[in-house]
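Student: Could we walk through this fold together, one piece at a time? I'd like to reason from the strands to the helices and then to single residues.

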Amino acid sequence: MDFLEALSRPPLVLGVDPRPMLHGPEPLAHIRRYTFVLLEALAPRLAAAKFQLAFFEALGPEGMALLWELASASRVMGLPVIFDGKRGDIGSTAEAYARAYLEAFPGSALTVNPYLGLDALKPFFQAASRTGGGVFVLAKTSNPGSGFIQDLPVEGRPLYLYLAEALEREGEGYREGTWSRVGMVVGATYPEAVARVRERAPHAPLLLPGVGAQGGKPLKGEGLLLAASRALYYPGGRPDLKAALEAAEALLKALVE
Ligand SMILES: O=c1ccn([C@@H]2O[C@H](COP(=O)(O)O)[C@@H](O)[C@H]2O)c(=O)[nH]1
């Protein structure tokens, strides 16, 4: 399935950020079962599953095998997979990151860091174009300190808007119909930034993390994908299937009604 089809699905993204200490004496086996059941129950009602690479890397080789298994299962269920890795490096290494997460591992889309410049992002865009995937470039992140760099003024507007304008131009070459494969991350904790980026980048899919645990509210709009990790995966602070399904239901209600 082409990643851009995610934009016609319900706009909710399930963040999978597993914390082994919450999963009892055999954490990996429990994470595996819990996530499978959650994905199976929610797949038709989600835009995508977002796997935070850091949490799987922290589990070592078994964690990476689990990531592979869960991401592959999501794809088989018809659910697009976003790998949240915030990768970025010089072009030749960016090529390897892109191959790793958009080809070798079954990612439909990857989050990337723009600090090295547009030439270093191009390998990600090209890989997405080859694979029918997507790229989400960090523009305005959800954390309280994101303004330290991202809000610095550049020719009369904050840096994140300067970046949004550049990515909209760059993304034109990767556009298919309304949407480009070049998307951006904008924290749901900054609704005014979401509106400003949308204004400057009308063809960019926007991934909005920070819903729930970080205080972000569900926002409605074309091309917006709302992501919640702890609030959906660990409602009440622990794995709880019934509560997770109820939390998803409540968020979906707020997003589609
Ligand atoms: O600006 C950003 C970019 C990425 N993230 C990631 O999203 C989830 C948020 O987890 P919650 O439990 O819903 O707070 C996590 O994987 C972050 O690394 C983000 O929060 N903000």
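Student: In what order do the eight strands close into a barrel?

Tutor: Strands here are DSSP runs of E with at least two residues, and helices are DSSP runs of H or I with at least four residues, both numbered from the N terminus. Two strands pair if DSSP finds at least two bridges between them. The pairing in this barrel is parallel, and the order is β1-β2-β3-β4-β5-β10-β11-β12.

Student: And what does the twist average from one strand to the next?

Tutor: Before the number, a word on the source: this is a predicted model, in which local features need pLDDT of at least 70 and side-chain atom pairs count only at pLDDT 80 or more, while totals for chains, interfaces and linings use all residues. Residues are numbered from 1 along each chain as its sequence is written, and side-chain values use heavy atoms, with hydrogens and water left out. From one strand to the next, the twist averages 30°.

Student: Which residue of β3 is the bridge partner of Ala49?

Tutor: Strand β2 covers residues 48-52 and strand β3 residues 81-87, and they pair in the parallel sense over four bridges. β1 also pairs with β2 in the parallel sense over four bridges, and there Val13 stands opposite Ala48 of β2. For Ala49, the partner in β3 is Val81.

Student: At what angle do α4 and α5 pack?

Tutor: Two packed helices are described by the angle between their axes and the distance between the axes. Axes are lines fitted to C-alpha atoms, for helices over the stretch in contact, and angles run from 0 to 180 degrees between N-to-C directions. The axes of α4 (residues 91-104) and α5 are 8 Å apart. Angles under 35 degrees count as roughly parallel, over 145 as roughly antiparallel, 65 to 115 as roughly perpendicular and the rest as oblique; α4 and α5 are therefore roughly parallel, at an angle of about 30°.

Student: Which residues of α4 does Pro123 contact?

Tutor: Pro123 lies in helix α5, residues 118-131, and is buried, with a relative accessible area of 8%. Contact means heavy atoms within 4.5 Å. Leaving aside neighbours within four places in sequence, Pro123 is in contact with Gly91, Ala94, Glu95 and Ala98.

Student: Why do the buried residues of α8 lie on the same side?

Tutor: Helix α8 spans residues 191-200, and its buried residues are Ala193, Val194, Val197 and Arg198. The arc is that of the directions from the helix axis to the C-beta atoms. These residues are on the same side of α8 because they cover an arc of only 135°.

Student: Which residues does Glu165 contact, leaving aside its neighbours within four places in sequence?

Tutor: Glu165 is found in helix α7. The residue is buried, with a relative accessible area of 17%. Apart from those neighbours, Glu165 is in contact with Arg157 and Arg200.

Methods:
Buried < 20%, exposed > 50% of the residue type's maximum accessible area, 1.4 Å probe, protein only.
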